[in-house]
Amino acid sequence: MTRTALGKYEIRGHLGKGASAEVLLAWHPVLKAPRALKVPFDQSPETTDKLTLEARTQAQLVHPNICQVYDTDEADGTFFLVMEYAAGGSLRRLLKDGPLEASRVVDWMVQAVEALRYAHSRDVVHRDLKPDNLLLSAEDAVKVADFGLARILQPTEEARTRAGTVPYMAPEHLKGQATFLSDLWSLGVVFYELLTGAPPFRAESQWELASRIMSSDPEPFGEGVLDHPPELWSCIRRLLERDPARRTPSAEALAEELRVLQPLLGPGLLPRAVRRPEAEDLADVPLSQEPTVVAHDWPQGRGGPRRAGSVAPALVLPLQMAWRAEVGSPIVAPPVVGHGLVVVGTTGGELVLVEEAWGRIIERLAVGGSLPAAPAVLDGKAYVGGYGGRLAAVDLVERSVEWEAELGAPVGATPAASKDTLFVPMLDGRLVSLQRAGGAVSATWTAHGALASAPLVVDGLVLVGSRDHRLYALEQEGLSERWRWEAGGWIDGGPAASGGLVVVGSYDGTVTALELATGRVVWQMRLPAWVAAGAVLDDECAYVLAFDGTLAALELRDGTQRWRVRTKGRHLGGPALSGELLVIAGAEGLITARLAADGAERWSAPLEGECLGGPTVAGSTCYVAGRDGSLMAFR
Ligand code: AMP
């Protein structure tokens, strides 16, 4: 029987059905306003008691992004909840048409996380976040609904039941131990699904699905990854960390990450259609690679500062793992070596100092915010900034923070350090120069897009790539612009220079050599995928690694492809050059050494975790850090 009224409410339609109730669209005749009524199928006292509990929890949560519960009521023996009507329907409904636009998805995530932040601060865990429970108002505002499974929790307590919806449940939730962090996992699953159109864990049966969630990594992002900035995917991967201790630690932390992501998805800045050439097309495409030229400060007694590519002593094959240090939180940037230390920044916001010889962790310095890029190291000082918006100068001898500068926006990449000055690339598009002594700001210049590329200081110029697709050459003194050049996509990899040329890769898959003095293009080559990292140069060639694993040697003279190989895995980090050898490490957890002369593979070893930042070679040792929070030395 179709109802036309329930108590004083006129019934105007049917909104949906959950596991235990149907939801009706109703009209309040006195207030002249729509309402959603939740009517349980089972009207037994146990169920209505449960719903009353749900109503109480939700009624205490008054927030613009939480679906408001106004009342419980009963009419003709039927118990129901009276709720705010979300006219835009659920995100599940929108998903029917496939993946959704990233900037819109991130907008919704920002609102959902605000709701969670609020609920968590009141000790309420949702425990059943999924696209069906994320509703939209007529104005496209997110309304988190259905706190039917939520429990009032103390932060350290665990909700000891397994209720939930399996595809969205965190591993610990499946074991009956849901915490606040389990909500972040569920939001990560939703985030992934909205962007790709499919959930990150798939299986034939619920049982198999649960076992996948507890033991395997999410399905790779597939081709869709090419349409989004890497930060988006690393944000999701941090939400989908099986070990809660490694997961994004709080709704606040996620809110901060999303705030950083939002401007990166603005129209015009997103590298939409990266060209994906046909197979024949790929045959004569050379590719680009990223430079790992971050370790400039050579330990005393082993020669002065040097560029990657002029390495002595060099690696000797085969390499053996000399030590492994467990740093604890994910590392997404290449390690840096200096003063007998290996220095890594973590996504947990710590700069970790590790003894170069033995791998003993000797200091952890809190810098704040996730640290997505390696520090610059010069004269015994490490300079590092991250999503917390601060730049810290760390004295590697004292092993303490010497000064900190508040920059007001996330730092986008490794700064460049010259004798007196630091050049800090910012995600809000500013390049800020600071005095190395004390950190006072001496000049600021602004690009039209985010700066997520490490600047290079050479011949009185600061070269920096931007997500506005341009490479800028600024005068080192005063930061006035000397020239600019425009690529067809983001420039996130640092530029590399040699013999009056600067070589730069772009997300449009090109590698371009320009005259350093004028910005005139000397040659350009196209690779089959993003060039997310910079090239490494020796006297004759630029070695470039593209995201799809294509590694190429291009002659500096005219861009002729000397050789090209397709390596395993996907690469956001670049190669490291050591004498005759190129070392690469990638997302598939493999480290490989190849001959620079012809690209032939000479050695490889598995890594337990993905390497996103690329390896670093110093002397006869190669250091590689993983998303699993480990740092390894091979020599
Ligand atoms: P639930 O029983 O809470 O899972 O609700 C089942 C479905 O009803 C949801 O997936 C929504 O499509 C719809 N729905 C629930 N609450 C509302 C509401 N307040 N406004 C509009 N639609 C709703």
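I'm working on a predicted model, where local features need pLDDT of at least 70, side-chain atom pairs count only at pLDDT 80 or more, and totals for chains, interfaces and linings use all residues. Residues are numbered from 1 along each chain as its sequence is written, and side-chain values use heavy atoms, with hydrogens and water left out.

I looked up the backbone first. A backbone N or O atom of Ala86 sits 2.9 Å from a ligand nitrogen, and for Glu84 I get 2.8 Å from a backbone N or O atom to a nitrogen of the ligand. On the side-chain side, Asp146 has an N or O atom 3.4 Å from a ligand oxygen. I then checked burial: the ligand alone exposes 480 Å², and the protein buries 90% of that (Shrake-Rupley areas, 1.4 Å probe; for residues, only the protein chains shown count as cover).

**The shell.** I count a residue as near if one of its heavy atoms lies within 4 Å. The ligand has 16 residues around it, and Gly18, Lys38, Glu84, Ala86 and Asp132 are the closest. Sorted by class, I find eight nonpolar, three polar and five charged residues in this shell. My classes put Ala, Val, Leu, Ile, Met, Phe, Trp, Tyr, Cys and Pro under nonpolar, Asp, Glu, Lys and Arg under charged, and the others, Gly among them, under polar.

**Where the shell comes from.** Strand 2 (9-17) and strand 4 (33-40) are the elements giving two or more residues, and strand 2 gives the most, with three. Strands here are DSSP E runs of at least two residues and helices H or I runs of at least four, numbered from the N terminus. Domain 1 (5-83) and domain 2 (90-297) each supply at least three shell residues; the bounds come from an automatic or database domain assignment.

Lys32, in the loop between strand 3 (21-28) and strand 4, has a positive phi of about 55° although it is not a glycine. I also noted a cis peptide bond between Leu317 and Pro318, with omega about -5°.

Notes. A polar contact is a pair of N or O atoms within 3.5 Å; within protein, one must be able to donate a hydrogen and the other to accept it, and residues adjacent in sequence count only if both atoms are side-chain atoms.
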